[in-house]
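Please consult the sequence and the coordinates alongside the text.

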Amino acid sequence: LSPTVNFALRISFYCALCLVVSALAAVACLLVNGGRTVKNMRIIKAFVKTFKYFFGLRFEVKGLENFKVEGPALIVSNHQSILDMMGLMEVLPDNCVQVGKKELMYMGSVGLIMYLGGVIFINRKSTSSAKMVMSEVAKTMVTENTKVWVYPEGTRNCTGDLLPFKKGAFHLAVQAQVPVIPVVYSSFTTFYNPKTKLFTSGKIKVEILPPIETKGLTSDDVTDLSDRCFSTMRETLFRLSGHPGEAKDSS
Ligand SMILES: CCCCCCCCCCCCCCCC(=O)SCCNC(=O)CCNC(=O)[C@H](O)C(C)(C)COP(=O)(O)OP(=O)(O)OC[C@H]1O[C@@H](n2cnc3c(N)ncnc32)[C@H](O)[C@@H]1OP(=O)(O)O
Ligand SMILES: CCCCCCCC/C=C\CCCCCCCC(=O)OC[C@@H](O)COP(=O)(O)O
């Protein structure tokens, strides 16, 4: 098979798997929990954790104990591909919902399962409406004791580096006065590259970093908080991906 055909087949299979398994998981969620609730994430996670075996992907996870903070927290991680959903479910703590773009809601059964799992949909094209939704989330995550997972780059980026961070995640953490827990996935570039049509089996290193406290911080500290997260995550990304030289340059 030519690499292009092989890539297309594997990606199509991934999408088909997502659509079919979402439909099955949706039935399970409705039967067990009856509607939209973060409790459904446990069911979704159990289904999605089997996906890696179809693609020969292995995850090596470090730092899971850093998720064991009392109460709500904001999780930020790097976002490389639609394949990230597998890495997300590999480590997802209990009572945790993700922030996603609202377009994802219209992906058939995949949109339905996201809705049932409690995913918070935002309109990226309207900063004011996204801000409003997220300030509401800042209140509910505290009263309902949930964690929220945001991809602060705001879009997929599979270059082996990080895009500059958007501010929304950090405003959310400061408004809710909850710690920020950074999670870093090693670069996919050795086994996955949509530009060169590469998609083979591979190993992904995942590291959950220690929580960064936000108690007492105000909106004036958001930029600083975001910059701190960015530099520790970038350093970790380069270390996990085996570019020690670049890690030194970025400090
Ligand atoms: C069974 C198997 C199938 C599948 C099973 C799936 C299961 C379930 C898995 C789900 C998986 C989901 C995966 C989703 C993955 C994505 O969809 S990623 C894309 C969507 N997510 C994001 O975009 C999050 C990150 N983005 C942000 O936080 C952005 O800041 C926002 C909120 C969208 C705003 O966007 P923007 O206007 O472009 O951004 P930005 O420049 O940051 O903000 C403009 C100004 O507003 C300020 N600002 C921003 N936010 C705020 C705020 N909240 N308060 C006050 N000021 C603010 C900024 O500080 C900035 O002001 P200055 O500092 O320049 O003065
Ligand atoms: C009836 C409609 C049928 C629609 C069929 C669509 C088929 C697609 C099926 C499965 C795809 C699996 C998607 C898993 C979810 C991953 C979410 C994700 O990673 O979204 C990308 C988003 O974070 C960033 O958006 P951009 O990089 O800015 O873009």
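What is the mean pLDDT of the protein chain, and what share of its residues reach 70 or more? The model is predicted; the mean pLDDT of its protein chain is 95, and 97% of the residues reach 70 or more. Residues 247–251 have a pLDDT below 50, and this stretch has nine contacts in the model beyond near neighbours in sequence. The scores for the model are ipTM 0.95 and pTM 0.96.

Attention may now turn to the ligand. Around ligand 1 there are 36 residues, of which Gly-100, Lys-166, Lys-167, Gly-168 and His-171 come nearest. Two or more residues of this shell are given by each of helix 1 (3–33), helix 2 (40–48), strand 3 (96–101), helix 5 (109–117), helix 6 (127–143) and helix 7 (168–176). Helix 6 supplies the largest share, with five residues. In terms of residue class, the shell around ligand 1 comprises 21 nonpolar, ten polar and five charged residues.

Two of the elements that contribute to the shell, helix 2 and helix 5, also pack against each other, at an angle of about 135° and with their axes 8 Å apart. On the side of helix 2, the meeting residues are Asn-40, Met-41 and Ile-44; on the side of helix 5, they are Ile-113, Leu-116 and Gly-117. The residues of this contact divide into four nonpolar and two polar, with no charged residue.

Key. Residues numbered from 1 in each chain as written. Chains lettered and ligands numbered in written order. Predicted model: local features only at pLDDT ≥ 70, side-chain atom pairs only at ≥ 80, totals over all residues. Near = placed C-beta within 6 Å. Helix = DSSP H or I, 4+ residues; strand = E, 2+ residues; numbered from the N terminus. Nonpolar A, V, L, I, M, F, W, Y, C, P; charged D, E, K, R; others polar. Axes fitted to C-alpha atoms, helices over the stretch in contact; angles between N-to-C directions. Contact = placed C-beta atoms within 7 Å. pLDDT = per-residue confidence, 0-100.
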